[in-house]
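The entries below follow the order in which I looked things up.

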Amino acid sequence: MRLTIRARSTRALTTAVPAPGEPDGRPRGGRRAAPAAAVLAALALTATACGPDNEKSTDAGGPPASATAAAPGGGKPALPTGLQDVAGWKLDDWARFIGDNAFVNEVAQGFWSIAKMEDAKGRATPEYSHKSAGSSVQRDEPPAAIPAKPQPHPYSPATAVVGKIFMTAPEGDSMCSGTVVSDPANPGRSNLVYTAAHCLHDGKGGTWLKNIVFVPGYNRDGQASRGKRYTEQQVSPYGRWTAVKALVSPNWVKESGVGANSQYDYGIIRVRNENGSGLSLEEAVGGSIPIWFNAPHEQITSAFSYGYPAERPFDGMELNHCDSAVRPGRLSFDQTRPPMYVIGCTMTGGSSGGGWFITKDGKPNLISVNSIGNRNPSEYMAGPSLQEQAKQAFDYFSKNAR
């Protein structure tokens, strides 16, 4: 099996990997298109490819028609209560929302010292138990727990798209996970990182978190593992990237708690190199991952989640992954919104915002991010389904947030 992540030039990064968990690593039942393909190189991630016969193109080539429809009532819209409200927003409405929720992130160079990064606590994954009562919640049967596996060192070059996000939260220095994603407005030169909204903003009544920095390929060579001494270059081999723009769902800003807002728990940051290098993030790490928006649920037959869990029994130093070779379950607090995906996974706080990957047309695609789960013990992870609202937000951010 081979992985190809398109790099900034006509070259591609290609890495051979073994098939994980044969035969258990293969989806059972249903239609299988191409053989399972490796995603993110040595991350040992397999998924069934989706056939082109029943796919719709979701390339972000411009704002959808709904994004240019008149805002209900004209003038400044109220914050939305459902997907349809946002679907009626024009570009001016998105611009007004960003202006009304201005993101300021002044990070002094070197703020995140080795000691501060070590001491940062995993941003707690919002907790929801499948045993919780609630007649309005629609959910499939809870999945069986899938143990998280550490990625062997040294990580392959392709794994540089996955990294840690550090931030200062009200409770202190914290960390999450994130993924370098492709920017349709800047092919081959993306500076975009996709993560969870709760890794960037505290939600209703809160504000943006501070000192947000992305470190791709964190601890690539394992020099920071098990208490070994290491240098800044060894723990952040691709540098540190400061967030200069950010966007989360309008619903996330309005709502709080674990519930319907979790169905829109996505966020995007635009970054720049802390050292002022002229390289883009994508050029620095050698590639990026496209996002598959509006993915039909029936075509998502597996999902593979990545992140840097930091709560016990993990320590935040290792990239881990949960490999689910079965179709994700569904969890919905509000049936007017896209249901969340659910897989078995034992990752803990710190893995929040880490990407969920499948193979589409022979290439890795991101379909979700780690959002909520249960604790003591951790057995499952749920992530938002990135449908039309998420696509509109991304399209606007890609083209207009500089």
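I am working from a predicted model. I began with strand E12, residues 241-248, and counted six of its eight residues as buried, so the rest of the structure largely encloses this strand. I then looked up its partners. Strand E11 (residues 210-216) is joined to E12 by two bridges, and the two run antiparallel. In that pairing I find Val 213 opposite Thr 242 of E12. Strand E13 (residues 267-273) also runs antiparallel to E12, with seven bridges between them. Here Val 248 stands opposite Gly 267 in E13.

Entry 2, disulfides. How many disulfides does a search of the whole structure find? I get two. One joins Cys 176 to Cys 199, with an S to S distance of 2.2 Å. I computed a torsion of about -85° around the S-S bond of Cys 176 and Cys 199, so I noted this disulfide as left-handed. Cys 176 sits in strand E9 (residues 172-181), while Cys 199 is in the loop between strand E10 (192-195) and E11; the pair links distant parts of the chain, 23 residues apart. Cys 176 has 0% relative accessibility and counts as buried. Cys 199 is buried too, its relative accessible area being 0%.

The other disulfide is formed by Cys 322 and Cys 345, whose sulfur atoms lie 2.1 Å apart. Is the link of Cys 322 and Cys 345 right-handed or left-handed? The angle about its S-S bond is 70°, and I recorded the link as right-handed. Cys 322 belongs to strand E15 (residues 320-324) and Cys 345 to the loop between strand E17 (340-344) and strand E18 (355-360), so this pair ties together parts 23 residues apart in sequence. I looked up accessibility for both: Cys 322 is buried at a relative accessible area of 0%, and Cys 345 counts as buried at 0% relative accessibility. With the bonded cysteines numbered in sequence order, I wrote the pairing as 1-2, 3-4.

Thr 359 stands opposite Pro 364 in E19.

The largest nonpolar core contains 72 residues, and Tyr 194 and Ile 212 have the most contacts inside it. As background, nonpolar side chains in soluble globular proteins tend to be buried together.

I checked the length of helix H7, residues 388-400. Its 13 residues at 1.5 Å each should span 18 Å, and the end C-alpha atoms are 18 Å apart, which agrees. Is H7 mostly covered or mostly uncovered? I noted mostly covered, with ten of the 13 residues buried. The buried residues of H7 include Gln 389, Lys 391, Phe 394, Asp 395, Tyr 396 and Phe 397.

Definitions and conventions. Residues numbered from 1 in each chain as written. Predicted model: local features only at pLDDT ≥ 70, side-chain atom pairs only at ≥ 80, totals over all residues. Heavy atoms only, no water. Core = buried A, V, L, I, M, F, W, Y, C linked by side-chain atoms within 4.5 Å. Buried < 20%, exposed > 50% of the residue type's maximum accessible area, 1.4 Å probe, protein only. Helix = DSSP H or I, 4+ residues; strand = E, 2+ residues; numbered from the N terminus. Pairing = 2+ DSSP bridges. Disulfide = S-S within 2.5 Å. Expected span 1.5 Å × (residues − 1).
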